[in-house]
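Here is my note on the structure, as numbered points. Please keep the model open while you read.

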Amino acid sequence: MLEFERVFLKRLQKLRVPMFTHCFWRGQADQTARFVDGKSKAKWGQNPHNFGCAIDVIHARKAWALTREQWALLGHIGKEVSVQISVPVVWGGDWSFYDPAHWELKNWRELNWTRAETLEETFN
Ligand SMILES: [Zn+2]
């Protein structure tokens, strides 16, 4: 995921689009709080951010306030990068639950809980 992030952001930088990663890894307390608040439909361990398998990429000044067309362009560029570096990702802008800042590894569900727990320990 970090390889995708690195190449994607570098590509955008070249195009003079100032984007950065707002969220990469989300721990247990944060995920549970978001679930309770209704900001996320996922409990701890059900969201790729809990495994370090997703990034939310937003604009440096406008944050999430981009037009649908602007997000679509970013989606297009991200998918090009994904093919180029052979890191299969899924874009949240293609979902009915529209989340255009979100990119996740296509195969993140194949990972297991042990990995999430290891990350939790590593970051705390
Ligand atoms: Zn996300």
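1. Start with Phe35, which sits in helix α2. Helices here are DSSP runs of H or I with at least four residues, strands are E runs of at least two, and both are numbered from the N terminus. Phe35 is partly exposed, with a relative accessible area of 33%. On this scale, buried is under 20% relative accessible area, exposed is over 50%, and partly exposed lies in between (1.4 Å probe, protein chains only). Setting aside neighbours within four places in sequence, Phe35 is in contact with Ser40, Lys41, Ala42 and Lys43. Contact means heavy atoms within 4.5 Å.

2. A word on the source. This is a predicted model, where local features need pLDDT of at least 70 and side-chain atom pairs count only at pLDDT 80 or more, while totals for chains, interfaces and linings use all residues. Residues are numbered from 1 along each chain as its sequence is written, and side-chain values use heavy atoms, with hydrogens and water left out.

3. Next, the metal. Which residues coordinate the zinc ion? They are His49 (NE2), Asp56 (OD) and His102 (ND1), at 2.0 Å. Donors are N, O and S atoms within 2.8 Å of the metal (3.2 Å for Na, K and Ca); water is not among the atoms, so sites may look incomplete. Along the chain, the zinc donors follow the spacing H-x6-D-x45-H. Asp56 lies in strand β2 (residues 54–59) and His102 in strand β4 (residues 102–105), so this pair ties together parts that are 46 residues apart in sequence. Both Asp56 and His102 are buried.

4. Trp103 also belongs here: this residue lies in strand β4. Trp103 is buried, with a relative accessible area of 2%. Its C-alpha atom is separated by 19 Å from that of Leu15, 88 residues apart along the chain.

5. Now look at the loop between α2 (28–37) and β2, where Asn50 lies. Is Asn50 buried or exposed? Asn50 is buried, with a relative accessible area of 0%. Its side chain reaches the backbone oxygen of Arg26 at 3.1 Å.

6. Finally, a helix pair. The axes of helix α1 (residues 2–14) and helix α3 (residues 68–85) come within 10 Å and cross at roughly 130°. Axes are lines fitted to C-alpha atoms, for helices over the stretch in contact, and angles run from 0 to 180 degrees between N-to-C directions. α1 and α3 are therefore oblique to each other. Angles under 35 degrees count as roughly parallel, over 145 as roughly antiparallel, 65 to 115 as roughly perpendicular, and the rest as oblique. Residues of α1 that meet α3 include Phe4, Val7 and Phe8.

Key
A polar contact is a pair of N or O atoms within 3.5 Å; within protein, one must be able to donate a hydrogen and the other to accept it, and residues adjacent in sequence count only if both atoms are side-chain atoms.
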